[in-house]
Amino acid sequence: MTATGLRLRPLGIDTQQEHVIYMRRDCHVCRAEGFESQTRVEVGLRERFIIATLNVVQSELLATGEASLSTSAWRALGAAPGDTVTVTHAPTLDSLSAMRSKIYGHRLDAQAFDAIIGDVAAGRYSDLHLAAFLTACAGGRMDLQETIALTRAMVHVGDRIDWGRTPIADKHCVGGLPGNRTTPIVVAIVTAAGLTMPKTSSRAITSPAGTADVMETLTRVDLDVTAMRRVVEREGGCLVWGGALTLSPADDVLIRVERPLDLDSDAQLVASVLSKKIAAGATHALIDIPVGPTAKVRSEEEAHRLQALMEQVAAAHGLHLRVLRTHGSQPVGRGVGPALEAHDVLAVLRGAAAAPVDLRMRALVLAGELLEFCGHSIPGTGRSEAWRLLDSGAAWAKFQAICEAQGGLREPGVAPLQERVTAEHAGYVSGIDSRRLARVAKLAGAPGAPTAGLDLHVKLGDEVQLGMPLFTLHAEAPGELAYAKHYLATHPFIKLSDTVAP
């Protein structure tokens, strides 16, 4: 052991992507360097270095001269038990002055965003710094040029794929509509038509499931760029998790902190979505903006503002963009949660008689629009072409082929705990609060527990009688089922009225 070295002992502490080092308060390094809890330090092992947050241990968990690392820090350093690490003060980050400037309401130039995002992608920001940056950019505090600069910076810190041909199709929904899992169906239809659609998706940020969470119940999604390219060259498309790639890597770091903050600002949303599209080599992207009273975008005015921002940022980066505003007054399909939404997707692709009609129709509209946008179908014929590809089984065959190329197709699981919730009185379904519904699904365990969530049995305008089922809760643990039921007792998300709502 060197004068400034500490011997590593594994403790198996998972802090997700944040690098943390654990040291005894009375160790010689803490005393010599004056380290305190939450100090940012540089940890070195052989030729590798990371920036980590110090957590102080005041017990016999570590012996004198020992330290430990979070699992992400172990992986980043390639460490093994017994290795000796050096620990010093972290270098000063010049980008923090730019971040503080933004906190005080000043606008940032492209150079400042390059510096901030470069440090974010390199893991030099603590979660505290990340939260401060995200908050400073929320609430309309970013103008158009700043959003363009942020998007460009997020593209530049990662890899960028060039497929060597055009068009390269992509599609994204801004979210806020539970169960709206059209992407796997759209990819299957569009690639069955012969177009190229390398789809990278995120995990859930504020919702009970993201497309990557849903697809992970069906096949492998953590492909690297080489494997992703192999799948696309073979089948014309893929459905993979963007976090496993080095495409706009800062976005995944920011998303991890956005999730507990339940924060999703317009500028960050636009930069996040478009940087991924640009980095993945898309030339034509279709954006779905659901608008509804409890959706993420609640008014036409808000949708217009978001659409204009997206179009201007896309144009600045040479990306062809088309935006569709869709109805967002109620959830789509029946399932809400990774496996439950996957069951809905399979039902539509397989042409099952009980497949959710609304999910099928939304997917056909989006796929038809994308076929026309990319020049495959003449205007006015895209939807009928999408319909043909779905009903003929071509889309289902292509989906199976993509999943097999990614590692094999499997059936999604079913939750061990299920409890049906029934109507306490007769009436008509006059309202469904998507935000409360999403909260219930998350309390039930989604998306962390892949089979958790809920199955919705009613739609707006449906007539129900006393005792009829409204929805079924799905959970993997009794405690999570209890949490969901407790929340429902004071926050019902289905409104029943004596008459049909206009």
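Residues are numbered from 1 along each chain as its sequence is written, and side-chain values use heavy atoms, with hydrogens and water left out. In this predicted model, local features need pLDDT of at least 70 and side-chain atom pairs count only at pLDDT 80 or more, while totals for chains, interfaces and linings use all residues.

Rings of Phe, Tyr and Trp (its six-membered ring) were paired if their centres lie within 6.5 Å; planes under 30 degrees apart count as stacked, over 60 as edge-to-face and the rest as tilted. Two aromatic pairs were found by this rule. The ring centres of Trp 396 and Phe 399 are 6.2 Å apart and the planes are at 20°, so this pair is stacked. Both residues belong to helix α16 (residues 394-406), three residues apart, about one turn of the helix; helices are DSSP runs of H or I with at least four residues, and strands are runs of E with at least two, numbered from the N terminus. Trp 396 and Phe 399 are both buried, that is, under 20% relative accessible area with a 1.4 Å probe and protein chains only, where over 50% is exposed and in between is partly exposed.

For Phe 471 and Phe 493, the centres lie 4.7 Å apart with planes at 40°, so the pair is tilted. Phe 471 and Phe 493 are also buried.

Glu 235 is located in helix α9 (residues 225-235) and is buried, with a relative accessible area of 13%. Apart from neighbours within four places in sequence, Glu 235 contacts (heavy atoms within 4.5 Å) Thr 191, Lys 398, Ala 401, Ile 402 and Ala 405.
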